[in-house]
Amino acid sequence: MPRRLLRSGAAERTERSRQRRSSSSGGRRRAHRAALPGAALAALALALGGCTAERPGEEPEAPSAAPEEASADPALAAACTGFWGDPDYAGPLSREVLDRAGSAPEVGPSDPGFYAMTGDDVEDLFADAPEGARAAAAELADWFRTQPERGAESDREAFADAFEGVAAGCQDVSVAALWVAGGGEAGAKPAALVCADVFDTPGTLTHFANSNVLTSNMFKLVGLSPRKVPSGRTDDLRATAELLDAQITAVDDDAVRTALEQVRAPFVDALDGDTWSDGLQDPLDQLSTACAEQGYHAPAPAEEGGDAVVGAPAPEDAPATEDAPVPEVASGPADGRPAHFALLPAPSNGATA
């Protein structure tokens, strides 16, 4: 059953020592915050106010205004921003987490310690967050310490639950988390987040269930350059069209929406029986331009190899606009990954991944 599409420039992270602590946190479960009974308290306050004696000739006191909503916990906001990447979406830890989980079934048994380090990254990021978010992060971290070594037997559903648990803990302070948690409204999803979902987010929780980004999975169907659509791929064509439909409905920018409709067109045509595709080069160029206008500089897609990678930072010479300055490029390896990923092959944005 297809899952929701997720996804972008991580804040600069300190290089970690390869000496990692072990954890015995198995069995911890996400802590759900209880909603405050605001309406009940307000009603009680009004009821009590109605009992106040009024002096003759005096106008009754107006009920005091409800207290302003408390501001978000700074530690929670910092952790959630680091994990989800709001508002630039240029390479957050969440995308690295998806990429690692997507590769675990194949690579996990060969290097379980590497995946355990990913768990440490998650838990360290939320170390100062409130208890509920910290517990959700611990559950996700535990998955990386226990499941990748099982390879193809790793529990993908448990990963999805843990990932969505972190989203639930962050949805009040992160727009990206809100959408992952299923709380977004049609026409309200930031265009930069949509662009990140299309160009940069691994498809671990989508129909494709792999670490390739959406463009890579699309190229295998309709190509970057003109090609015949392969036979026997109706389910993949339909799933891709549905993923694009969801983004088209969600996005808050007309230019990005129009470009996404052009990207979707060859999939709709193929489903209608037209098995020749003109390729996605022109539609993706149009989408990249629309995304840049919204402050998101997408990596260049590559059909046969290339150096575009998941989470690629905006190029240093990308033109800045008055409304959308070029985001700062995170330090670290040239491809924007954290230092302890530098020796691993860069995940490809192209069709060969």
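Tutor: What follows goes through the disulfides one at a time. This is a predicted model, in which local features need pLDDT of at least 70 and side-chain atom pairs count only at pLDDT 80 or more, while totals for chains, interfaces and linings use all residues. Residues are numbered from 1 along each chain as its sequence is written, and side-chain values use heavy atoms, with hydrogens and water left out.

The structure holds two disulfides, a disulfide being a pair of cysteine sulfur atoms within 2.5 Å. One of them joins Cys80 to Cys170, with the sulfur atoms 2.0 Å apart. This link is left-handed, with -80° about the S-S bond. Cys80 lies in helix H2 (residues 74–84) and Cys170 in helix H6 (residues 156–170), so the pair links distant parts of the chain, 90 residues apart; helices here are DSSP runs of H or I, at least four residues, numbered from the N terminus. Cys80 counts as buried because its relative accessibility is 0%, where buried means under 20% relative accessible area, with a 1.4 Å probe and protein chains only. Cys170 is buried too, with a relative accessible area of 0%.

The other disulfide is formed by Cys195 and Cys291, whose sulfur atoms are 2.0 Å apart. Its S-S torsion is about -90°, so the link of Cys195 and Cys291 is left-handed. This pair also connects distant parts of the chain: Cys195 belongs to helix H8 (residues 191–199) and Cys291 to helix H12 (residues 281–293), 96 residues apart. Cys195 is buried because its relative accessibility is 1%, and Cys291 is buried at 0%.

With the bonded cysteines of the protein chain numbered in sequence order, the pairing reads 1-2, 3-4.

Note on methods. Helix = DSSP H or I, 4+ residues; strand = E, 2+ residues; numbered from the N terminus. Buried < 20%, exposed > 50% of the residue type's maximum accessible area, 1.4 Å probe, protein only.
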